[in-house]
Amino acid sequence: MTDEKAILMRFRKDFSLRQSDEVKAVISAAEIKECQEIIEQVYIKDELLDYIAQIVVDTRNNGDLFLGASPRASLGIMKTSKAIAAMNGRDFVTPDDIKTVAYPVLNHRVILMPEREMEGYTAQDVINDIVKKIELLSYVNPINVEEEKEKFFKSKYLTDPQFKYPEIDFDRFQ
């Protein structure tokens, strides 16, 4: 309560947020762009794209949800799972990356049926059920990382065989 009141007192005569000038940047625009470029280069298998699509489609066909996720949710899961992979020092996405980000990405994009909410269910319960019910075996054949990288580079960087991922020190952002 004390913290809340302190915030209110500080801003009660500052509707235009003049105090925002005191905010200091912790990362530059160039560094953000560099992070985005690294994340774009993280590899994701076609089977994992199918897995993401199935998760999102299942939110639209679930009796516990009044409103399912839109196609933008698929993009959100893909981009966020690629970011998680990069932050974990990998240049490829795993099914666990997708499972990790499914709830945070989908939570605000779905609406629970009122009856289910009254029964004590949450959006997290429904999303977790959806993720658990999808048969992963068809999406998760053992990954031969070197073979997958070779396919990726041949298809995308045929003209530049010397392509290297940009280096960035993610530890400094933690």
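Leaving aside its neighbours within four places in sequence, which residues is Ile98 in contact with? Before we get there, a word on the model. It is a predicted one, where local features need pLDDT of at least 70, side-chain atom pairs count only at pLDDT 80 or more, and totals for chains, interfaces and linings use all residues. Residues are numbered from 1 along each chain as its sequence is written, and side-chain values use heavy atoms, with hydrogens and water left out.

Now to Ile98: setting those sequence neighbours aside, its contacts are Leu48, Tyr51, Ile52, Ile55, Ile77, Ser81 and Val93. Contact here means heavy atoms within 4.5 Å. Ile98 is also among the residues with the most contacts inside the largest nonpolar core, along with Ile55, Ile77, Val93 and Leu106; that core has 28 residues. (A nonpolar core is a set of buried Ala, Val, Leu, Ile, Met, Phe, Trp, Tyr and Cys residues joined through side-chain atoms within 4.5 Å; buried is under 20% relative accessible area, exposed over 50%, and partly exposed in between, using a 1.4 Å probe and protein chains only.) The elements giving two or more residues to this core are α3 (46–60), α4 (71–87), α5 (95–106) and α7 (123–133).

Stepping back, the protein has eight helices and two strands, running α-α-α-β-α-α-β-α-α-α from the N terminus on. Those are DSSP runs numbered from the N terminus: helices are H or I with at least four residues, strands E with at least two. Of the 174 residues, 33% count as buried.

Let's look at α5 and α7. Their axes come within 10 Å and cross at roughly 145°; axes are lines fitted to C-alpha atoms, for helices over the stretch in contact, with angles from 0 to 180 degrees between N-to-C directions. On the α5 side the contact is made by Lys99, Ala102, Tyr103 and Leu106, and on the α7 side by Ala123, Gln124, Ile127 and Val131.

Over in helix α3 sits Thr59. Thr59 counts as buried because its relative accessible area is 1%. Its side chain reaches the backbone oxygen of Val56 at 2.6 Å and the backbone nitrogen of Ala69 at 2.9 Å. Not counting residues up to four places away in sequence, Thr59 touches Leu65, Gly68, Ala69, Leu106, Val110 and Ile130.

With 43% relative accessibility, Gln36 counts as partly exposed. Gln36 and Lys79 are 43 residues apart in sequence, and their C-alpha atoms are 9.7 Å apart in space.

Conventions. A polar contact is a pair of N or O atoms within 3.5 Å; within protein, one must be able to donate a hydrogen and the other to accept it, and residues adjacent in sequence count only if both atoms are side-chain atoms.
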